[in-house]
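Morning, everyone. I have one structure to walk you through today. Please have a look at it before I start.

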Amino acid sequence: MPPERYEAVCSGPKTAAEIVREAVLELTYTAHDMAPFARDLGHVDERGEALPPFPWDAHRRLRLRAKLDALYFHLYGITARADIRHIYSTFPIVQRQEQKAHNRYLSLDLCLAYHSALTAGQPDAAITL
């Protein structure tokens, strides 16, 4: 993906770069040893010190990964929901695990919901399933 594409593609008020930066920060900054990374991304208080790490929340992390999947589908021009379903179908082990744990392929359902939100220009939409 050419770096300039991250600034060219937008969903509502946010560029793809901003959406990726926010999600990657939260997925990565879960321990104090990552504070320099958090500072580099601007996750700081008024004194320039890194804010506390994000708590580890498996459900939140699943949502962030699904949001990133949806964004990358947009970036690569994959917009048909049938195509997204097909790509997710190539991960049958994940599908079985999620169906057992959640009675649905939760990653796919979240990705499709975020895909719709991004298409509608709502990158921070609260997705409830």
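First, a word on contacts: two residues are in contact when heavy atoms lie within 4.5 Å. With that in hand, residues 24 or more positions apart account for 53% of the contacts in the protein chain with a separation of 6 or more. Bear in mind that this is a predicted model.

Now the overall layout. The protein chain has 7 helices and 2 strands. Starting at the N terminus, the order of elements is α-β-β-α-α-α-α-α-α. The C-alpha trace spans about 45 × 35 × 25 Å along its principal axes. Of the 129 residues in the protein chain, 39% are buried.

On to how helices pack. Take α2, residues 16-28, and α4. Their axes are 10 Å apart, and the angle is about 155 degrees. An angle over 145 degrees counts as roughly antiparallel, so α2 and α4 are roughly antiparallel to each other. Their crossing is left-handed. Who makes the contact? On the α2 side we have Ala16, Ile19, Val20, Ala23, Val24, Glu26 and Leu27. On the α4 side, the residues include Arg61, Leu64, Leu68, Leu71, Tyr72 and Leu75.

Helix α4 also packs with α5. Here the angle is about 125 degrees and the axes are 12 Å apart. That makes α4 and α5 oblique to each other. This crossing is right-handed. From α4, Ala66, Asp69 and Phe73 take part. They meet Ile84, Ile87 and Tyr88 in α5.

Next, the aromatic rings. How many aromatic pairs does a search of the whole structure find? The search finds 4. Let me take one: tyrosine 6 and tyrosine 72. Their ring centres are 6.1 Å apart and their planes stand at 70 degrees. Planes over 60 degrees apart count as edge-to-face, so this pair is edge-to-face. Where do the two residues sit? Tyrosine 6 lies in helix α1, residues 3-8, and tyrosine 72 in helix α4, residues 58-75. The pair therefore ties together parts that are 66 residues apart in sequence. Is tyrosine 6 buried or exposed? Tyrosine 6 is buried, at a relative accessible area of 17%. Tyrosine 72 has 26% relative accessibility and counts as partly exposed.

Another pair is tyrosine 88 with tyrosine 105. The centres are 5.6 Å apart and the planes are at 75 degrees, so this pair is edge-to-face as well. It links distant parts of the chain, 17 residues apart. Tyrosine 88 is in helix α5, residues 81-88. Tyrosine 105 is in the loop between α6 and α7. Both tyrosine 88 and tyrosine 105 are buried. Remember Phe73 and Tyr88 from the packing of α4 and α5.

There is a charge and a ring to show too. The charged end of arginine 61 sits over the ring of tryptophan 56. It is 3.7 Å from the ring centre. Arginine 61 is also one of the α4 residues in the contact with α2.

Valine 9 is in the loop between α1 and β1. Valine 9 is buried, with a relative accessible area of 17%. What does valine 9 touch, not counting residues up to four places away in sequence? The answer is Lys14, Thr15, Ala16 and Leu75. Ala16 and Leu75 also came up in the contact between α2 and α4. For a sense of scale, the C-alpha atoms of valine 9 and leucine 106 are separated by 26 Å. Along the chain, those two are 97 residues apart.

Histidine 43 is in the loop between α3 and α4. Its relative accessible area is 15%, and histidine 43 is buried. Its contacts, leaving aside neighbours within four places in sequence, include Leu25, Tyr29, Pro52 and Phe54.

Last, asparagine 103. Its place is in the loop between α6 and α7. Its phi is positive, about 60 degrees, although asparagine 103 is not a glycine. Buried or exposed? Asparagine 103 counts as exposed, at 72% relative accessibility.

Note on methods: Residues are numbered from 1 along each chain as its sequence is written. This is a predicted model: local features need pLDDT of at least 70, side-chain atom pairs count only at pLDDT 80 or more; totals for chains, interfaces and linings use all residues. Side-chain values use heavy atoms; hydrogens and water are left out. Rings of Phe, Tyr and Trp (its six-membered ring) pair if their centres lie within 6.5 Å; planes under 30 degrees apart count as stacked, over 60 as edge-to-face and the rest as tilted. Helices (H or I, at least four residues) and strands (E, at least two) are DSSP runs, numbered from the N terminus. Buried means under 20% relative accessible area, exposed over 50%, partly exposed in between (1.4 Å probe, protein chains only). A charge sits over a ring if NZ of Lys or CZ of Arg is within 6 Å of the ring centre and within 35 degrees of the ring normal. Axes are lines fitted to C-alpha atoms, for helices over the stretch in contact, and angles run from 0 to 180 degrees between N-to-C directions. Angles under 35 degrees count as roughly parallel, over 145 as roughly antiparallel, 65 to 115 as roughly perpendicular and the rest as oblique. A crossing is left-handed if the near helix is turned anticlockwise from the far one by less than a right angle, and right-handed if clockwise.
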